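Hello,

Here is the structure I promised to pass on. Please open it alongside this note; what I found follows below.

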Amino acid sequence: MQQPQPDPTPVEPTKMGVGRAIAVLTSGGDAQGMNAAVRATVRVGLYTGAKVFFVHEGYQGLVDGGDNIRPATWESVSMMLQLGGTVIGSARCQEFRTKEGRAKAACNLVKLGITNLCVIGGDGSLTGANQFRNEWSELLAELVHAGKITSDEAKKSSHLNIVGMVGSIDNDFCGTDMTIGTDSALHRIMEVVDAITTTAQSHQRTFILEVMGRHCGYLALVTALACGADWVFIPEMPPEEKWEDHLCRRLAETRRSSRLNVIIVAEGAMDKNGKPITSNQIKHLVSERLGYDTRATVLGHVQRGGTPSAFDRILGSRMGVEAVMALLEATPDTPACVVSLSGNTAVRLPLMECVQVTKDVSKAMAEGRYEDAVKLRGKSFENNWNTYKLLAHMHPPDVKSNVSVAILNVGAPCAGMNAAVRSAVRIGITQGHHMLAVHDGFEGLAQGLVKPITWTEVGGWTGKGGSMLGTKRTLPAKVMEEISLNIAKFNIHGLIIIGGFEAFVGGLELLAGRQKYEELCIPIVMIPATVSNNVPGSDFSIGADTALNTITSTCDRIKQSAAGTKRRVFIIETMGGYCGYLATVAGLASGADAAYIFEEHFNIHDLKVNVEHLVEKMKTTVKRGLILRNEKCNPNYTTDFIFSLYSEEGKGVFDCRKNVLGHMQQGGTPTPFDRNFGTKMGAKAVLWLTDKLKECYRHGRIFANTPGSACVLGMRKRTLMFQPLDELRDQTDFEHRIPKTEWWLKLRPIMKILAKYKINLDTSEHAHMEHVIQKRSPVLMPV
């Protein structure tokens, strides 16, 4: 279908919705983060000048009408960001499946002048919405004929726009990398896995954990990756025949070097004949065949519960903004769409294409085309599966490569570093390499603190915070000669540097040192790992997600401490050096009123505007305010200064408290995202090194001196890519230790709009409609 060309004259964002009405509903199973999506839809809708309505109890509320469809206000979505489930309720509705039910729903919408519907739910809910839209004209004609609405009312509501957001903890909707609720469900699962691991190790037990996923194995697969499970059962890829023998053999081998075994089972797991594989069945098998003390735990609805993770709040907020824009820009020719996430980019996809591909997955599984099913699930799922297969079991090749690869951590420690080391070590061993661990960073390399590291030594590292190898901030320039001597002494052929900005600078120094020291002419890859997320060449760094969740949950607790007291504003200082990532994104995730950062210059006038805005806001029903300040945003407007300013100006309206979060942001166990991200980065780095080593092998030795042989592995928008260190030099502000351009600055206007500032939202870069069908592998295209 030919897409209509956008109007060349831009509409003022605050006028886009004038005279329009938007309704928002949540349907199907609840998922953490739905409230963030509802909040963003309501507030951005109001910001554009539209009327916004809540539909309580999903489609049932749409059919019943009356008090179930109520106007939403700014204050009515206050303090709902951190709540799990869905505040506006969800219900299964048989009546909406009938044409009579849909006619009642249409009548209720027409009477209120609502022609824009935002549906947050799974594929069933979204398919129902699309059917409703397709029948709209027919339903209106019937209602006019029955005398329930007038011809004039029907004319005013002649077209219904539908936009969907996918809320599902199973991540079972094709077209989006992550659905709202998936990350939070993984948080719940990993909390249980970490707790179970400690008791299992105490008693040398085997634990079988059943997680949700009747038709999709995403939760099980990522859990297995994030905890280093011995085996995973997922519906998309049933085990081979005689899997029972293979499983018992693997558990017996693992038990020789580990005190525990962990098996993850998706609730929809089955064998190649379509027969279910249950946690109890596996428990009996392991107990009877191996005699191991075995326990099975079915997690159930605990996975749906609890507070949403920072990722789900940001995802819900970004999707809510995009959904409102998609509704207001839609024309009668625009197909109903879902707003979703691809890598780090918001995209719009035709709803029914996504539903079709989701159905194609089920069809492929039913027909035994399991490889196709994994591909259809999308690149993210496929990458996870391929990484799991590489890491699941030790398969050292018969012929060793005679290559030694060294791994070191550089800079401040952060959660997820150990996951990257573990996967790099294990993938290296499967490639036939001799793996070396360097303790204490470049300083340790200069001092010769280099030891071989084995498959079993890194067991259980994925869930450990900090750096098991030890890390220092020392840069290599001062000890270059000693480093070059030890590279020769330990016969190091390739180097993996995992760390933050010091690791990046250190990599550049090694690159420069190649002119003087031939020993440095080896392939080098740097994996960004720092809570500050300030490494050029990557949108995300390992460790930043864990820090973000720590800040967000701390902000929740701090805000909650004021419950029942008078109005209070909290001033909170975050880490990040000169990089404002943590302050900005935590501000979006915790509903901050302002976030002061170095990258966005502010002066006394801006501070005055912020204070006055908060004073006015606190005169309404809103009782709490939150201000975040990045530690190095301004040398004069310190945390103490901002605290004193707000305290003085808020007298009689609110009082203030301040908190400096400090090093707690660097600690803790890694989040599922950081474990999974670290695991994939470590694996990808070793596979790249392996290829580079083959390229650089000349006359019996390794010689690498091209710019492309020293790279940063980073996430850029949608893909993990290798970029030469030398090319990233020009993209770096070395004085302030940040990249010159930062993608997350585009999130700042969203945060301000959600805090009720009347600023311009840049709509020039909104997502365009893409297609899912074309993305499929050629072998899967219909003949």
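Predicted model: local features only at pLDDT ≥ 70, side-chain atom pairs only at ≥ 80, totals over all residues.

Strand E6 covers residues 206-211 and strand E8 covers residues 261-266. The two run parallel and are joined by six bridges.

Both belong to an open sheet of four strands. The order is E7-E8-E6-E9, and the pairing is parallel. Strand E7 (231-233) and strand E9 (294-298) are the edge strands, each pairing on one side only. On average, neighbouring strands of this sheet are turned by 15 degrees against each other, direction ignored.

A helix covers part of this sheet's strands. Helix H7, residues 218-227, lies across E6, E7 and E8. Against E8, H7 runs at about 165 degrees.

Now to a helix pair. Helix H18 (residues 544-560) packs with helix H19 (residues 581-590) at an angle of about 50 degrees. Their axes are 9 Å apart. That angle makes H18 oblique to H19. The crossing of H18 past H19 is right-handed.

Who makes the contact? From H18 come Ala544, Ala547, Leu548, Ile551, Thr552, Cys555 and Lys559. From H19 come Tyr581, Leu582, Val585, Ala586, Ala589 and Ser590. By class, the contact of H18 with H19 has ten nonpolar residues, two polar and one charged.

Best regards

Note on methods: Residues numbered from 1 in each chain as written. Heavy atoms only, no water. Pairing = 2+ DSSP bridges. Axes fitted to C-alpha atoms, helices over the stretch in contact; angles between N-to-C directions. Contact = heavy atoms within 4.5 Å. Parallel < 35°, antiparallel > 145°, perpendicular 65-115°, else oblique. Left-handed = near helix turned anticlockwise from the far one by under 90°. Nonpolar A, V, L, I, M, F, W, Y, C, P; charged D, E, K, R; others polar.
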